[in-house]
Structures are given as structure tokens and as C-alpha cells.
Amino acid sequence: MMLATGLVAIDSTVIATAVPSIVADIGGFTSFPWLFSIYLLASAVTVPIYAKLADLFGRKPLILWGISVFLLGSILCGFAWDMPSLIVFRAIQGIGAGAILPIVITMVGDIYTLEERARVQGYMASVWAIAAVVGPTLGGVFAQFDLWRGIFFINIPLCLLAGWMIWSRFREKVEPRQHRIDYAGAALLSVSVTLLLLGVLQGGTGWAWDSPQSLAVLGAGALLLVAFVLVERRAAEPILPFWALSRRLLWTTNLLGFCVGAVLIGLTAYVPTFLTVTTGAEPIAAGLALGALTIGWPLAATIAGRLYLRFGFRPTTILGAALLVVSTAGLALSTFSPSIWVVAGLCFLIGAGFGFAAVSSLVAAQSSVDWSERGVVTGTQLFSRSIGQSIGAAALGAVANAVILANGGDETIPSTMEAAAGAVFLGGAIGAAVLLVAAIAMPRVPLVAAEGSPEAPPEAAPA
């Protein structure tokens, strides 16, 4: 499962450092941001669909499908002949990635007890920490030798190994029964969310927010989302059941996940640039300062298991949220006197806050349902986080651009970047405050499996 997670984690970091080499070879500089946007869109919109199918047909076929599609997309990316073809093949990669991460986290919920689960989630978080270092380094090596296609071809042995290990080591017994797949709901959800995310990602960059393109895309997305709601109300087995959004525990943890995504994207997008411009730090040093976040996260996630077993899910989540509020507010204040060491320390604390809050709330949500609903719950949590990232990127980007324009329009001037980063980090602190409110609103969840085996019904017995 860590190897499968590594496929997605490394792929999200390895391509950034190779962009100049890619553009120099196949051109398309003006379109290269779509290498990231299309991947995000494809993976985000497919998460709830894969999650529901995993509850219907089991985890194993879905995770193997995701790895296979990701492998196909990687091979095609390696043979891309121009930027449009590479963008299309990145979309295929994203469709595969949309299955991998939610199914892996669902499998963790199936296999491990409550006591073990936070520790294993810490292992999963450590994969992202390793990828934060290995990915850019690997991409830089391939780019330096003009072998950018290697960043995609290296996925071939990794995919084959991950697929073989899951095929041979993971066993589950799913009782066969007839299902009525919600094709209409899946199609409406995919198209509506794609249009809405497209409108958010392109608004203010690709086109003006009040332009005809923006109004058409966002309007069509909203109308299709209304149609999706009407279809889901009559579906026998809805792709996104409304109970996953209406139960108090689930809507509070979904809101929490949304805030996690929004705050996280603001930090990852602006901390390195802020340090590079204001302190003169080398890009690698600025990246390592942000990397402290990915150290604090898995450490706190490992400790979270002991805390929620002793004090409960809600207090542990509140602890993480409170730590996030304090540390993000400190990060906003640090812009008045930039220091790479102070930022690194605050990023570590922010990562710890994420580790306590995100892991405890996710385990709480998973523990509130049985095997047949755990995939939907996990997928909805990650879907909320993806939506938070998209909206957070657009909102915080708009704030940063407005501040930069108000200060002369040159983001390379330290005082201008201090003002822009301060506004972004303040927005992150506000997001952390909303996250704290969501944590306080969580109901108390009984530790139903603290001393037992994994909460899997007889038809699902992973080994």
C-alpha cells in the first residue's frame, strides 16, 4: 500500500523540476500549467466514483484498475510528441491516480484496528515526506541529462511491483450480489465537478471571473450539479449517497478535510517563493523549510493513535486544529521579519497540527460505518480535500495577485512578496480557524474497535 501511495506522491512532485526540459524539447510553454491542472481535475472528479465502486465490488479490483490505468498513462506520457498529447496522457494518469489513494486509505481502514490505524496512516504520510525530497531531486536529475521522459518510464517497474504485491498479498472475500450501477449519477457528477473546478482554476488566470467563458462554464457546472442531486434522490444505489454529507460526524469531518486542502495548498504554493525572494535562500533550502511540514505530519499521525484511544477522536482533532491556528497565525506574523529557520519551525508545527487533526477525523469517519460504506466515506473525505485545494488555490492566488498589483506588480521585490505572502498566510490562518470550528462541532464517537479486530463484516476479510 505504501508503494502504491508512492506512485501518486512522487508523480505529484517529480514533474515540476522537469518542466523547463519538457518545454525545451516539445514546446508549449503557455500550456504547461495544464500538466498539473488536468491531472488534478481527472483525479479529483473520479475519487467518489471509485470509492462507491469499491464498496460494491471490493477494494482489490479497483486498486488494480487504478494502477493499470496509471501505468498506461505513464507509458503514453513517456512517448508524448507535443504538449497537447502530453496533457491528454496526464489526464489518463490522473484517472488512474483517482483510484489509488482513496482505495489504499480504505484498505487501511479495513485491515487495521483503531490502535494500529493512526500508526499506519503515519507510515502513509511518511511516503509523502520522502516524495517531497525524492521527487524534485529525481526530476532534476532527469532534466539535467535531458531525459525527462524517464520521469514517466520509471513508473513502469514501480507500477508492476505494486500491482503484483497487491495481487498476491491482499485477499478479500466479497459476497457476490446484483448491483444497479448509477451510471447517470456518475456521469453528471464527473461533468459538473469538472466544469466547476475548471471554472475555479481558470478564473482570474485563463479568463476574467466575469467573462462569458467563466459564466458559461460555472453556470453549466451548477446546472448539471442540480441535475445530479435530482437523479441521486431516485437512484437505487447512488454514486454519492446523501447520508455521506448529512450525518453530523461526516459533514463536520468533510468540512475539516476541505479546510485541510485549502490551507495546505496555500502553504505549499507560497512558502518556498516567499523565502527565496525575501531571504535570498536557495530554492532547495526554501523547499526543505517547507519539507519540515511533511516531517511533522507523520510524527503527529503516529502519536495521534495513542491520543484518540485515551481521550477520544474529538479532543485529538481539536488539539490539532488549535495547533494549526496558532502556527499559521505565527507564519503570517513571520512575514514582518522573514527567517528561514522560523518558517521551518512553524511548518513543522503546522504539519503536526495536520497530523493530529486530519488523521483523527478520518479514522473517526471510517469507524462510524461498516465495510459496505467505508469506501464512500473515505472517498468523500478525500474529495472534500481536493475541492478545498482547488478553491484554496484560486482564492489565495487571487489574493496574492491583488496584493502584488497594489504594490507595483513586481513580485521579485522583497517588500511586495512579504505583503503578498502575509495576506496568503493570513488566509491560511482563517482557514485553520474554520477547521477548528468544524473540529469543535464534531460529535463524540465511541471507540467501537479499540480492543478488537478490524471492523470488517464476514464478507470482507482482508489478510
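Helix H17 gives the nonpolar patch its largest share, three residues. The model is predicted, with local features needing pLDDT of at least 70 and side-chain atom pairs counting only at pLDDT 80 or more, while totals for chains, interfaces and linings use all residues. Residues are numbered from 1 along each chain as its sequence is written, and side-chain values use heavy atoms, leaving out hydrogens and water.

The patch lies on the surface and is formed by Trp251, Leu255, Leu426, Ile430 and Val434, which together have about 430 Å² of accessible area (Shrake-Rupley method, 1.4 Å probe, with only the protein chains shown counting as cover for residues). Its residues each have over 30% relative accessible area and no salt bridge, and their nonpolar side chains are joined within 5 Å. At least two patch residues come from each of helix H12 (248-279) and helix H17 (414-441), helices being DSSP runs of H or I with at least four residues, numbered from the N terminus. Leu426 is found in helix H17 and is partly exposed, with a relative accessible area of 49%; buried means under 20%, exposed over 50%, and partly exposed in between.

Helix H4, by contrast, is mostly covered, with 14 of its 20 residues buried. Spanning residues 59-78, H4 reaches 29 Å from its first C-alpha to its last, close to the 28 Å expected at 1.5 Å a residue, a span counted as 1.5 Å times one less than the number of residues.

Phe336 is found in the loop between helix H14 (313-334) and helix H15 (340-367), and Phe336 is exposed, with a relative accessible area of 69%. Between Phe336 and Ile75 there are 261 residues in sequence and 47 Å in space, C-alpha to C-alpha.

Terms used
Buried means under 20% relative accessible area, exposed over 50%, partly exposed in between (1.4 Å probe, protein chains only). Patches are made of residues with over 30% relative accessible area and no salt bridge: like charges are joined within 9 Å, nonpolar side chains (Val, Leu, Ile, Met, Phe, Trp, Tyr) within 5 Å. A salt bridge is a side-chain nitrogen of Lys or Arg within 4 Å of a carboxyl oxygen of Asp or Glu.
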